[in-house]
Amino acid sequence: MADIGLVGLGVMGANLALNMAEKGYSVAVHNRTTSKTDAFVANAGSLAEKLTPCPTLTALAEAVDPPRPVVIMVKAGDAVDQQADVLAGHLGEGDILIDAGNANFHDTRRRVRVYAERNIDFLGVGVSGGEEGARHGPSVMAGGDPKAWARVEAIFTDIAAKFAGESCAALVGPEGAGHFVKTIHNGIEYADMQMIAEIYGIMRDGLGLPTEEMSGIFDAWNGGPLKSYLIEITATVLGTTDPRTGKPLVDIILDTAGQKGTGRWSVIEAQHLGAPATVIEAAVAARNLSSRKASRVADEALFGPAPRKLDGALGAREGAMTVLEEAMLAGKIAAYAQGFAVMAQASQAFDWSLPLGTIAKIWRAGCIIRSSFLDDIASTYDSGSAVGNLMTAEPFTGMLKATQASLRRVVAEASLKGIPVPALSSALAYFDFARTARSTADLTQAQRDFFGAHGFERIDEPGKEAHGPWSNAT
Ligand code: 6PG
C-alpha cells in the first residue's frame with residue numbers, strides 16, 4: 001500500500017510526489033483531471049513504480065495505508081476548503097490532511113479545529129524552495145499535532161533539503177504555526193529582494209554600471225557575508241542576455257512586480273501583533289508602487305526626473321562596492337531582526353513556543369532565503385544565552401556597529417539624488433529608533449492628553465497616570 005497520498009499535480013504537487021518517490025516512498029496520486037494523473041505517472045520514468053495513479057478519491061483512500069496521510073497541493077484559499085471537504089468524506093478517524101500550500105495561517109487554524117471535530121488531523125505545512133526545491137529538497141515548516149506529524153515526519157525529513165547533514169524539516173508548533181512561519185519567511189524574502197533591487201538601482205542609475213559588471217559584483221558578494229541563494233541568482237539574472245535583442249534580459253522586463261499575498265499577510269500579522277516590520281512593509285509597498293507604472297511615468301514628467309547620478313563619495317567609486325555590500329548587510333540584519341521579532345511576538349500571543357533557533361536552522365537550505373547568514377542566526381540561538389532582538393545579539397551587534405555607517409551613507413546619498421531606497425531607509429530608521437534612549441513619544445503623549453485626556457506617565461512618578469494642565473487648553 002502507498003505510504004502517502006497526494007492530491008493536486010500542479011508544478012509543486014508533481015515535484016513533491018517525485019521527490020517522495022525518489023526517496024523510496026510509494027505515493028498514491030490524484031488530480032481532478034484524470035488524464036493529468038496518467039500523464040504524470042507515464043512521464044515519471046523509473047519513479048513510476050513508486051506512484052499509484054488514482055482516478056478517484058475513493059481509489060486514493062483505498063490505496064493509502066491507514067492512518068492515511070494525504071497531501072493537498074492546490075491553490076491557497078477556497079480551493080483548499082473545497083478539496084479538503086471532499087477528501088475528508090473519503091477519510092476516516094485518525095487520517096491526516098496535509099495542506100502544503102501557501103495558506104493564510106488563520107485559515108489553517110480554522111481547518112485544524114473543523115477537522116478535529118471529525119477526528120481527522122490537519123497539518124499546515126509551509127514548503128519553500130519553488131519548483132526545484134519541491135523536487136530535490138525544500139525547507140519544510142510544519143504546524144499541527146505532534147502525533148500526526150510523527151506519522152509523516154520521516155517522509156518530510158527525507159525529502160527536505162539538508163544543511164551539513166541536518167534535515168531542513170521540522171514541526172515548529174501547533175495549528176497554524178507552520179503556515180505562519182512560512183508567511184514570515186516570505187515577508188523576509190520580500191525584504192531581501194527589495195534591498196537587493198535598491199542596491200541594483202544605485203549601481204544602475206546612480207553609478208551607471210553596465211549590467212554585466214553588476215553581475216560580477218553580486219557574484220563576488222556571494223563569496224562573502226551576503227552569501228545566499230538570492231544574491232547568487234541575482235548574479236545569474238544580471239548576467240543573462242536576451243537572445244532576441246542581445247540586450248541584458250533585465251533591461252527588457254517591465255518594471256512592475258507581482259505578488260501573491262504572503263508578503264502583505266506578514267505585514268498585516270505584524271501590525272496585529274504590534275511588532276514593527278518596517279523593512280517588510282517597505283518592500284510590500286514598493287511592489288505596490290511598482291505596479292502603478294502609468295502614474296509613475298506621468299509623475300516623472302510632472303516633477304521632472306530625479307538627478308540620480310551620484311557625485312558624492314559613492315559616485316567617486318573608491319570603495320563604493322564595499323560600502324554597498326556593508327549597507328546591504330546592515331539592512332539585512334534589521335530585516336531579519338524584525339522577522340524573528342514578529343515570530344517571537346506571535347509565539348507569545350498564540351502560546352506556540354516557536355523554536356526560533358530551529359526555524360533558523362530549517363531556513364539554512366532549501367528555501368528561497370537560504371544563506372550563510374541564517375547559519376549565524378541559528379548559532380546565536382544555539383549559544384544558550386537568551387536572545388532578544390537579533391540586533392542586540394552577537395555577532396549581529398558587532399556586524400551592525402561595523403556596517404551601519406555604510407547603510408547611512410548609502411541612504412543619504414541615494415536620497416539626495418532621488419534614488420528611492422525605501423527598504424534600506426526603513427532599516428536605517430529602525431536601527432536609529434531602536435537605539436534612541438529618549439524618543440519623541442513624549443510629545444505624542446502630550447498631544448494625546450491635550451486632545452483626548454488620554455493621560456501620560458511622568459518620569460518622576462512612574463506607574464501613575466498624569467494629565468496636563470496645558471496652557472490655554474480649552
Ligand atoms: C518559496 C516562495 C514561494 C513563492 C512565493 C512568491 O518560499 O518557495 O516564497 O512561496 O515563490 O509565493 O511570492 P510572490 O508571488 O508573492 O512574490
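Mentor: By class, the shell around the ligand holds two nonpolar, seven polar and four charged residues. Here Ala, Val, Leu, Ile, Met, Phe, Trp, Tyr, Cys and Pro count as nonpolar, Asp, Glu, Lys and Arg as charged, and the others, Gly among them, as polar. This is a predicted model, in which local features need pLDDT of at least 70, side-chain atom pairs count only at pLDDT 80 or more, and totals for chains, interfaces and linings use all residues. Residues are numbered from 1 along each chain as its sequence is written, and side-chain values use heavy atoms, with hydrogens and water left out.

Trainee: Which residues come nearest to the ligand?

Mentor: A residue is near a molecule if one of its heavy atoms lies within 4 Å of it. Of the 13 residues around the ligand, the nearest are Ser128, Glu189, Tyr190, Lys260 and Arg287.

Trainee: Which helix gives the most to this shell?

Mentor: Helices are DSSP runs (H or I, at least four residues), strands likewise (E, at least two), numbered from the N terminus. Helix H8 (residues 177-206) gives the most, with five residues. In terms of domains, whose bounds come from an automatic or database domain assignment, the shell draws at least three residues from each of domain 1 (4-175) and domain 2 (183-434).

Trainee: What lies 2.4 Å from an oxygen atom of the ligand?

Mentor: A polar contact is a pair of N or O atoms within 3.5 Å; within protein, one must be able to donate a hydrogen and the other to accept it, and residues adjacent in sequence count only if both atoms are side-chain atoms. At 2.4 Å from a ligand oxygen is an N or O atom in the side chain of tyrosine 190. For asparagine 186, a polar side-chain atom lies 3.1 Å from an oxygen atom of the ligand, and for glycine 129 a backbone N or O atom lies 2.8 Å from one.

Trainee: Is threonine 262 buried or exposed?

Mentor: Buried means under 20% relative accessible area, exposed over 50%, and partly exposed in between (1.4 Å probe, protein chains only). Threonine 262 has a relative accessible area of 9% and is therefore buried. Threonine 262 lies in helix H11 (residues 262-273), and its side chain makes a polar contact of 2.9 Å with the side chain of asparagine 186.
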